[in-house]
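Please study the model shown below and work through the exercises before reading each solution.

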Amino acid sequence: MNIYDISKAAGVSIASVSRVINGADNVSEKTRKKVMDVIDEYGYTPNAYARGLGRGSMKTIGIMCSDSSDIYLANAIYYLETDLRRNGYNSILCCTGYDLENKKASFELLKSRQVDAVILAGSKYVEKNPEDHQYIIDGAKEHPVMMLNGFIDADNVYSVASDDKGGTKDAFIRLHESGARKTIYVYSSDSYSGSKKIDGIKEGAKECGIPANSVRIVKGEKSYKGIEELLTREYEKEPFDSVISSSDTTGVGALKFAIHKGLRIPEDIQIISFNNSKLANAVNPELTSVDARLEESCSKVCKLIMKLLNPPLDEEGNPEPVSIPKKTKVKTKLVTRETTRF
C-alpha cells in the first residue's frame with residue numbers, strides 16, 4: 001500500500017494524506033481519523049525518506065567513525081545511537097577508516113541521504129593539514145557538524161571533547177607524588193586527542209620541576225604485543241619505574257610487559273592507562289585509568305544537536321535563534337585500581 005491507495009480508500013485527497021502522515025496541523029479531525037483508520041487497518045508504515053522530505057527533516061543523524069573495532073569508538077557509537085533513539089532520531093553509521101578520500105566520500109554519502117546533522121566521532125577527523133578540513137567546512141554550510149573529541153574552528157561546527165590534557169597532567173603529577181621518578185609515556189596514534197595528551201604530560205612534568213624536553217615519550221603499534229615489545233626494548237636501554245599509556249589498549253600492552261619482565265606491580269612499576277573502558281578492570285591486576293567520561297561527552301553531543309535542530313518557537317510559531325558553545329570540555333577523572341600505589 002502507498003499514499004495513493006490510502007487516499008482512495010479513505011476518500012480524501014493525496015495532499016490530505018500527506019499532511020496527516022507528516023503531522024501537519026491544518027487537517028480536520030474528521031479527515032485525520034479517516035486516514036488513520038485506513039493506516040491502522042492495512043498496517044501501513046510511511047517510508048522514512050519520503051516522510052522526511054515532506055516535513056523538511058529526515059529525523060536522521062549521520063555518524064562517522066574511523067574504526068568501529070576500537071573499544072573507545074565502539075562505546076561512543078553505542079552511547080550516541082542510544083541517545084539519538086531516545087530523542088526520536090535514527091542514525092546512519094559510516095566506518096571511514098583513516099584515508100582522507102574515504103572520509104570525504106562518507107561525508108558526501110551522508111549528505112545524499114538528507115541527514116539532519118553529522119557527528120564525527122573520534123579525533124582522527126582533525127587533519128595535520130588544515131586544507132584537508134575543507135570538506136567538513138563546506139558540508140557544515142548545509143548541516144550542523146558535531147565533533148566528538150576533536151575541534152575545527154569553522155561556522156556551524158561544534159565540539160565536545162574530554163580534557164585529555166588535564167587527564168594526563170594529573171596522572172603524571174600523581175605518579176610523581178607517589179615516588180615515581182622515571183616515568184615513560186607510550187602512545188600509538190597521532191591525533192588531536194593524542195597531541196593534547198602529550199601536552200598534558202609535559203605540563204605535568206614542568207609542574208613537578210622536570211624539564212618538559214627531558215620527558216620520555218615513545219610511540220608504538222596499536223596492539224598489545226607491539227606495545228609490550230616496544231617497552232621491553234626501552235627498558236633495556238634505560239629502566240623506568242612508571243608508565244602512562246594513551247589508552248587502555250596500550251595500558252594492557254604495558255601490563256603484559258611488566259608481567260613478562262618479572263616486575264612487581266605496583267611495587268617495582270606503576271601503570272596508568274586512559275579511557276577507563278571495560279579493558280581496565282578486565283585484566284589482572286586491574287588498571288588505574290583516566291576516565292575520559294565518554295558517556296557524558298556523547299550525551300552532551302546529542303543534547304546540543306537536539307537544541308540546534310529543535311529550537312524553541314516564538315509566539316508566531318517561528319524558530320528562535322539558538323546559541324550553543326563552539327567548544328565544550330568534559331573534565332576527566334582518575335580511577336585508581338591495582339596498578340598504582342595511591
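Predicted model: local features only at pLDDT ≥ 70, side-chain atom pairs only at ≥ 80, totals over all residues.

**Exercise 1.** Determine which strands stand at the edges of the open sheet of six strands.

*Solution.* Step one is to write the strand order, which is S7-S6-S8-S9-S10-S12, with mixed pairing. Step two is to inspect the two ends: S7 (216-219) and S12 (333-335) each have a single partner strand, so one side of each lacks a neighbour in the sheet. From one strand to the next, the twist averages 20°.

**Exercise 2.** Describe how strand S8 is joined to strand S9, and identify the helices that pack on the sheet.

*Solution.* Strands S8 (residues 242-245) and S9 (residues 270-274) run parallel and are joined by three bridges. Within this pair, Val243 stands opposite Ile271 in S9. Next, helix H9 (residues 192-207) touches S6 (183-187), S7, S8 and S9, and its direction makes about 175° with that of S6. Helix H11 (residues 248-261) also packs on the sheet, in contact with S6, S8, S9 and S10 (288-291); the direction of H11 makes about 160° with that of S9.

**Exercise 3.** Locate Pro285 and decide whether Pro285 is buried or exposed.

*Solution.* Pro285 lies in the loop between helix H12 (278-282) and S10. The relative accessible area of Pro285 is 16%; buried means under 20%, therefore Pro285 is classed as buried. Leaving aside residues up to four places away in sequence, Pro285 touches Leu255, Ile265, Glu338 and Thr339. For Leu255, the separation from Pro285 is 30 residues in sequence and 8.3 Å in space, C-alpha to C-alpha.

How values were computed. Residues numbered from 1 in each chain as written. Heavy atoms only, no water. Pairing = 2+ DSSP bridges. Helix = DSSP H or I, 4+ residues; strand = E, 2+ residues; numbered from the N terminus. Axes fitted to C-alpha atoms, helices over the stretch in contact; angles between N-to-C directions. Contact = heavy atoms within 4.5 Å. Buried < 20%, exposed > 50% of the residue type's maximum accessible area, 1.4 Å probe, protein only.
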